[in-house]
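Here are my notes on the model you asked me to look over. Please read them with the structure open.

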Amino acid sequence: EPCLLALETLRTEVRTSSPAALPIKPHDLRLPSGDRGVSLAFLAAIGLFYERHGGVSLAMGDICKGEGEHVTVCALTLSTGLSLAESVAHVAERDGLLLARGAVSRARGFFSYSWTGTALVDMLAAIEDVVRPLEALSVGGGERHVWVDMFCASQNLLAGVYRTPSITKESEPAGYLARKEDTDRIFDDALEAVSEVYFYCSPLVGEWDAPPHPFLSPQRDAKGAPAQPWVRRGAAAITRAWCLFELSVALGKKCKLHVALSRADCKAFGEMLSNEFDQIAGIVAAIDARDAQISKVDRGYILGRIEALAPGAADAEAEGLSHVTARVSEALRGWLVASAREELGRLAPAERATSVLINSCGRLLYVQGDLPGAEAVSRGGGGEARSARRPAPGHTRLDPQPRQAAEGQGRPERRGGAAPRGGAGEARRVWRPAPGHARLDRVPRHGAKGQGRPGRRGGAVPRGAGGAARDARRAATLLREALEARPRDARRP
């Protein structure tokens, strides 16, 4: 296999020759970042190489530069100083391995994932499971190349292998730039090339210990470092600042989102949608870029890029973080609803009519403001839209209330009263709110300054004789509580 042969050649050269004093090509002669996409054949060769030499089950951070007997990406590229993709392309051109050279080309997809908790074997399988069906659907079976930072950026340059204290940005600008990765262009060039983003969302509902990294938001970090151990839940990528920023920028340039999952999550996905939909929805609802973690060395760069998302804003950092949170949350909610609808479509009519997934999906659509969508989902197998007051047997209400409802206290601030009725006495459906009443889905990102959490020491919820608009912050709180499945004692203080 040509790609595997190129990798073995790199391994041999590392063992038999001295490391390069500097990368063998200056930045202006390197492959542009967007042209460093790798094919499925390249990724398959990576898997075979690490199966042969050990390390295929290691986390990506260890694959990069971890200790042990396995060959790290940093070690594998010491003879060139370039990215692994460029190094394979260099060996292929030199040794006439034409197929290996073709495995590195213009990227069409960008893979966003967390180094923390992602094993190489899971990452490779997730990319294949997303990309191979897309290739099969392409006219003429077009091959897709994927931009993966581990293989498409020089890990030695990023790790500072070539830096020397005597060469600084001020004393010798050209020498300084030659010893660092071109971070000013590498990310932007890659995203300019692609039209798809593959976001790794495993584990969907699993729990794991977060690394001791600071929050992205300095204001959040100033209130205290995360408690250790901090058990976080759901996809590691939605807790990493780089991943949220990458996804936000890709979505902003209209890249098509494809969610990638581990094979274990793929196998159980249908069952998870039926039994754990609200938990997944709660995890998505809890996404907050301020709580994302990042290494200290990268925080300044990412914050600068995020502030640029809100030019001219009085508080560009806060506005930028809010922008990232909103864009990522909206996209992942859309994916979750689409997945639920697809799963419902697989069920036989009788099974679909009694599936709890109907109400789970309908409830999420309702709080999103997609009332026609909620009505369509709620029709179930009988073809007739159900009223929220007349759910199918075994179904929960389309607008269940958070926590208090389970204790028989009725709808919050209604003291257990029945759902309001219209002039004709008919039970009002969830997609037809009372005139003058605020819709729960109309939740602005920010409330007025100083309002606090309505009903929680921050001031009373505004009311009016005609049912004036409820406070938007209270609506957001109810939405999160309605979707969030974690018990309160499991949350971070």
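1. Basis. This is a predicted model; local features need pLDDT of at least 70, side-chain atom pairs count only at pLDDT 80 or more, and totals for chains, interfaces and linings use all residues. Residues are numbered from 1 along each chain as its sequence is written, and side-chain values use heavy atoms, with hydrogens and water left out.

2. Whole chain. The chain has 20 helices and eight strands. Helices (H or I, at least four residues) and strands (E, at least two) are DSSP runs, numbered from the N terminus. Of the 493 residues, 48% are buried. Buried means under 20% relative accessible area, exposed means over 50%, and partly exposed lies in between (1.4 Å probe, protein chains only). Take the contacts between residues at least 6 apart in sequence: 77% of them join residues at least 24 apart. Contact means heavy atoms within 4.5 Å.

3. Helix 7. This helix covers residues 120-137, 18 residues in total. Its first and last C-alpha atoms are 26 Å apart, close to the 26 Å expected at 1.5 Å a residue. The expected span is 1.5 Å times one less than the number of residues. Buried positions in helix 7 include L120, M123, I127, V130 and E135.

4. Helices 1 and 2. The axes of helix 1 (residues 2-16) and helix 2 (residues 40-53) come within 8 Å and cross at roughly 50°. Helix 1 is therefore oblique to helix 2. Axes are lines fitted to C-alpha atoms, for helices over the stretch in contact, and angles run from 0 to 180 degrees between N-to-C directions. Angles under 35 degrees count as roughly parallel, over 145 as roughly antiparallel, 65 to 115 as roughly perpendicular and the rest as oblique. The crossing of helix 1 with helix 2 is right-handed. Right-handed means that the near helix is turned clockwise from the far one by less than a right angle; anticlockwise is left-handed. Helix 1 contributes C3, L4, L7, E8 and R11 to the contact, and helix 2 contributes residues including F42, I46, F49 and R52. By class, the contact has nine nonpolar, one polar and three charged residues. Ala, Val, Leu, Ile, Met, Phe, Trp, Tyr, Cys and Pro count as nonpolar, Asp, Glu, Lys and Arg as charged, and the others, Gly among them, as polar.

5. Helices 14 and 16. Helix 14 (residues 263-285) packs against helix 16 (residues 316-346) at about 160°, with the axes 11 Å apart. The two are therefore roughly antiparallel. Their crossing is left-handed. Among the residues that meet are F269, L273 and F277 in helix 14, and L332, W335 and L336 in helix 16. The contact counts 10 nonpolar, three polar and two charged residues.

6. I238 and I283. I238 sits in the loop between strand 7 (231-233) and helix 13 (241-252). It is buried, at 10% relative accessibility. Beyond four places in sequence, I238 contacts F199, L244, I283, I287 and L332. I283 lies in helix 14 and is also buried, at 10%. Leaving out residues up to four places away, I283 touches L204, V205, R233, G234 and I238. I283 and R233 are 50 residues apart along the chain, with C-alpha atoms separated by 7.4 Å.

7. Y176. Outside four places in sequence, Y176 touches I167, T168 and K169.
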